Amino acid sequence: MGKIIVLGQMEGSQVSRISLEALSGARQLAAATGHTVLAALFGPGDPPEQLAGADIAEIIRLPNAELADYSPDHYVAAAEALIAAEQPELLVTGHSYQIRDWLPRLAARLGRPLISDCIGVRDAGAGRWVRPVFQGKISADVQTSPGLVLVSFQSGTYRADELGSGSPTVRTVPVDLSAVESRLQREEKFQEAKGAVDLSRAERIVAVGRGIGEEENLQLAHDLAKALGAEVGSSRPVVDYGWLDHDRQVGSSGQTVSPKLYLALGISGAIQHQVGMKNAGCIVAINKDANAPIFEIADYGIVGDLFDYVPALIKALHAR
Ligand SMILES: Cc1cc2nc3c(=O)[nH]c(=O)nc-3n(C[C@H](O)[C@H](O)[C@H](O)COP(=O)(O)OP(=O)(O)OC[C@H]3O[C@@H](n4cnc5c(N)ncnc54)[C@H](O)[C@@H]3O)c2cc1C
């Protein structure tokens, strides 16, 4: 039985959502392979509450002060030392901008494969992974040879709330980073402009696609969202047309959401849209085309014209 180490990326004192998703993915890999899951946290400070009740064997801390803030040279050296000490079969994490920056360097240094932006596991035992190629137009199966494999999962591949229940022990792994020379000088963190909506926290989302036809028809989606107590989201064309702000776009180049209810109105369900919403608790789709890919992942589907159904739905909700 081997080890799967999940690198928990921190956002302040919390483990990032994408890392929790990776942890949930690692648990599924462990169930298929019989491996044990360990979460590794870089930097000083107590492990966050989020992991206290997770169904994982151990939380490993590398409390070096040099790891408190992002430093690719220190992160590569620390991960290399961690791997040397623990000899895992898999090193798993979420595919974030930071990971894109330093994990390839670690893979090159170790001479081991990195499956980046991984969107699924075809066969965990045989080391067969799925990742998008050609800008997400197709998915390719990638086969790795036996030995350590590094994997970064695309946001939304797994659910962040499926951590099971357990009581992991906490262990500190001492690593000496005093000889590491950082070639980068840190500056102030770049603060992305924060939009008014945070769809990732919404419990219900009414999402509109090109099927809405015209900008003025969006009012229908706003009315339905209001009646449901939902946020309005959209596919990319609606944002490209300038009908909604980018912070409402769901998908690979927009937000990843996991509401309890996702109502897709006139959305075909292209893969780039699906990766942002497939983990919704309940997906309801209204689409004129019975062959639209959205129906492959919908829990409930209506094959029909959204302009027939949405007004009736709003009326029914108001009549409650
Ligand atoms: C690198 C890259 C990144 C991308 N990122 C994203 C992303 O983040 N998010 C995203 O959404 N897309 C993204 N895309 C675009 C994606 O490939 C699709 O083009 C897009 O999702 C399609 O949007 P849509 O479903 O609204 O439109 P369409 O594919 O045109 O589908 C419209 C649907 O509406 C239905 N329809 C029409 N009229 C009605 C009606 N009256 N009632 C009911 N149904 C009706 C049609 O049957 C059709 O299925 C990306 C593409 C690339 C290459």
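Predicted model: local features only at pLDDT ≥ 70, side-chain atom pairs only at ≥ 80, totals over all residues.
Local features require pLDDT of at least 70 and side-chain atom pairs count only at pLDDT 80 or more, whereas totals for chains, interfaces and linings use all residues. Residues are numbered from 1 along each chain as its sequence is written.

The protein chain is divided into domain 1 (3-172) and domain 2 (199-318), with bounds taken from an automatic or database domain assignment. The C-alpha centres of domain 1 and domain 2 lie 32 Å apart. Their contact (C-beta atoms, placed from the backbone, within 7 Å) takes six residues from domain 1 and nine residues from domain 2. On the side of domain 1 that touches domain 2, one residue is nonpolar, four are polar and one is charged; here Ala, Val, Leu, Ile, Met, Phe, Trp, Tyr, Cys and Pro count as nonpolar, Asp, Glu, Lys and Arg as charged, and the others, Gly among them, as polar.

A nonpolar core is a set of buried Ala, Val, Leu, Ile, Met, Phe, Trp, Tyr and Cys residues joined through C-beta atoms within 7 Å; buried denotes 20 or more other C-beta atoms within 10 Å of a residue's own, exposed 12 or fewer, and partly exposed a count in between. The largest nonpolar core has 51 residues, and Ala 40 is among those that touch the most other members. Apart from this core lies another, of 33 residues, including Ile 212, Val 250, Leu 265 and Ala 280.

Helices (DSSP H or I, at least four residues) and strands (E, at least two) are numbered from the N terminus. In helix α4 (residues 218-228), Ala 221, Leu 224 and Ala 225 are buried. These residues lie on the same side of α4 because they cover an arc of only 100° around the axis, taken from the directions from the helix axis to the C-beta atoms. Their cover includes β13 (204-208), β14 (231-234), β15 (261-265) and α8 (306-318). Just after α4, Gly 229 takes a positive phi of about 70°.

Around the ligand are 29 residues, of which Gly 209, Gly 211, Ser 235, Gly 251 and Ser 268 come nearest; the criterion is a C-beta atom, placed from the backbone, within 6 Å of the molecule. Elements giving two or more residues to this shell are α5 (236-240), α6 (271-277), β16 (282-287) and α8, with α6 giving the most, three residues. The shell comprises eight nonpolar, 16 polar and five charged residues.

Most residues other than glycine have a negative phi. Gln 87, however, has a positive phi near 50° and is exposed, with 10 other C-beta atoms within 10 Å.

Note on methods: Contact = placed C-beta atoms within 7 Å.
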